[in-house]
Amino acid sequence: FFQPRGTMLRSLRITKGLRPHGPLTGLAGAQRAVHKYAAPPSPKLDAYKLLVRQRLEPVHFMIKNDYAKDARAWDTWFTGCICSPKFEGKSFKEINAMVDDIAKS
């Protein structure tokens, strides 16, 4: 298989679930075509977000349901990132204890 220079973008196939968008037709102009569903209610996640914002006053805070777990574990397991000034000078053990205390309440 030989391909002259400059034709690589034109030879890429748009994978399933992608469609051309706009004037570009290569992979750079592709857009994922999926149907978006509304997320089911997650009262535990919302309550946990509120507690973290109140107690830790984070500078950066991102949390979501852990999709690596089973679908039946929705609103039970979470994964995320918390950056708070209250973590300064503390060990990982102390930081984890602070986050666990919030999760238990």
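## The largest pocket

The largest pocket holds about 370 Å³ of space. A pocket here is an open set of points on a 1 Å grid over the protein atoms alone, with protein on both sides within 12 Å along at least five of seven lines. Its volume is the space filled by probe spheres set on the points, which are joined across faces, edges and corners.

This is a predicted model, where local features need pLDDT of at least 70 and side-chain atom pairs pLDDT 80 or more, while totals for chains, interfaces and linings use all residues. Residues are numbered from 1 along each chain as its sequence is written, and side-chain values use heavy atoms, leaving out hydrogens and water.

## Who lines it

Lining residues have an atom within 4 Å of a point. There are 20 of them, with Tyr48, Ile63, Ile82, Val99 and Ala103 nearest the centre. H2, strand S3 (60-65), strand S4 (78-83) and H3 each bring at least two residues, and H3 gives the most, with six. Helices (H or I, at least four residues) and strands (E, at least two) are DSSP runs, numbered from the N terminus.

By class, the lining has 14 nonpolar, four polar and two charged residues. Nonpolar covers Ala, Val, Leu, Ile, Met, Phe, Trp, Tyr, Cys and Pro, charged covers Asp, Glu, Lys and Arg, and the others, Gly among them, are polar.

## H2 against H3

Tyr48, Leu51, Val52, Arg55 and Leu56 of H2 meet Met98, Val99, Asp101, Ile102 and Ala103 of H3, in contact defined as heavy atoms within 4.5 Å. That contact has eight nonpolar, no polar and two charged residues.

## Around Pro58

Pro58 sits in the loop between H2 and S3. Leaving aside residues up to four places away in sequence, Pro58 touches Val52, Arg53, Ile82, Cys83 and Ser84.

How values were computed
On a 1 Å grid over the protein atoms alone, a cavity is a set of points where a 1.4 Å probe fits but cannot get out, and a pocket is an open set with protein on both sides within 12 Å along at least five of seven lines; lining residues have an atom within 4 Å of a point.
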